[in-house]
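Please look over the following chain with its sequence and coordinates side by side. The report starts from a single residue and then widens to the whole chain.

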Amino acid sequence: MYKKLLNHHSVWFLGVLILLGSCHQAILEDITEARVTLVAPSNGVQIEDQTITFLWNEVEGASSYRLQIGKPSFDSLATVVLDSTVEANSYTYTLNPGNYEWRVQAKNSGYESGYTTYRIRVDSSENLSGAQVVLSSPVDSFFTASLYPQFSWEPIALSSFYGFRIVRGSDFENGELFTSKVETTNNSLTLTKALENGKFTWGVNAENAKSKTGYSKRFIWFDNISPVAATPNNPQDNATQPDGNVVFTWTRPSDSGTPLYDSLFLYSDPGLTTLIKKVSGAGQTYSDSLTAGDYYWRIRATDRAGNVGTFSVSRKVTIP
């Protein structure tokens, strides 16, 4: 009797703890009266550099921030230059010369603060040395199987043209040029020479007759070779697993391309048409507890560039 009572109270106590934890997680801090403290650029400042990092102090209880940039001001708004929600407390953006106001609001899923607003003036000369080209796409460390990818970046006022370079490997300054330097007045470019398998570094700078920026750089990996088929190891074909706890293992040949992940496909029929489950991961083992019946399984690899390999041979396992 004592044990039953103890178990009853233990379950009740555990339930209370779970309920309290859930309530605690559900409570959001009311940040409507909070004030976002803007750090840089300071209010009323005149800036020569067109590429600006906007910075503000974090607000306790906030999960994101809304950054807006208006031209020339929010009271007499001609253009909303930027309206973006970010999780960090900084954001880098390139502005053309002119007068602007920037403001930040703190947010969480239930509340939002008021805005704090600063005004700035971008009064750039033709000196581009303090500017930075903000790359748009592809993202850094991008894996692709596209032979002719498109590259893009944010435009910079007062630039006459942009210089685009792409080199093999990661040494942008001294590496082997994959193509000669390309000069363009556009803020995007599509390669006309097909990429080859391997890692590349690409970069863009802005130039005019008097000055130029440094290069902004990113990495890209090209891989258009499909992974080879894996080899199932255990359980052996037509094996019987009495307790229903099955550990599937397989091996995969080495691959010199982009990183791989494997998918295990589990079926209920020998024709492999009724899929019960598909699981994916970077490892080469998977455990599951299966009910009685016949099961058929096989493996297929996919790489980070999106190339899909061929299926392995299928195997049967029986749970009595």
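## The surroundings of P232

Leaving aside neighbours within four places in sequence, P232 is in contact (heavy atoms within 4.5 Å) with T249, W250, W297, S312, V313 and R315. This is a predicted model, in which local features need pLDDT of at least 70 and side-chain atom pairs count only at pLDDT 80 or more, while totals for chains, interfaces and linings use all residues. Residues are numbered from 1 along each chain as its sequence is written, and side-chain values use heavy atoms, with hydrogens and water left out.

P232 belongs to strand β17, which covers residues 231–234; helices (H or I, at least four residues) and strands (E, at least two) are DSSP runs, numbered from the N terminus. Is P232 buried or exposed? P232 counts as buried because its relative accessibility is 3%, where buried means under 20% relative accessible area, exposed over 50% and partly exposed in between, with a 1.4 Å probe and protein chains only.

## Nonpolar cores

A nonpolar core is a set of buried Ala, Val, Leu, Ile, Met, Phe, Trp, Tyr and Cys residues joined through side-chain atoms within 4.5 Å. The largest one has 22 residues, of which F54, W56, I69, L95, W102, V104 and I120 touch the most other members. At least two residues of this core come from each of β3 (51–56), β4 (64–72), β5 (77–86), β7 (98–107) and β8 (116–122), and β7 gives the most, with four residues.

A second, separate core holds 20 residues, including L128, Y162, I166 and L195. In soluble globular proteins, nonpolar side chains tend to be buried together. Returning to I120, and not counting residues up to four places away in sequence, its contacts include P41, V45, I47, F54, L95, Y100 and W102.

## The chain as a whole

The chain contains one helix and 24 strands, and buried residues make up 38% of its 320 residues. Its radius of gyration, taken over C-alpha atoms, is 29 Å, whereas a compact globule of 320 residues would have a value near 20 Å, by a rule of 2.2 Å times the number of residues to the power 0.38. The C-alpha atoms fill a box of roughly 80 × 65 × 30 Å along the principal axes. Among contacts with a separation of 6 or more, 65% join residues 24 or more positions apart.
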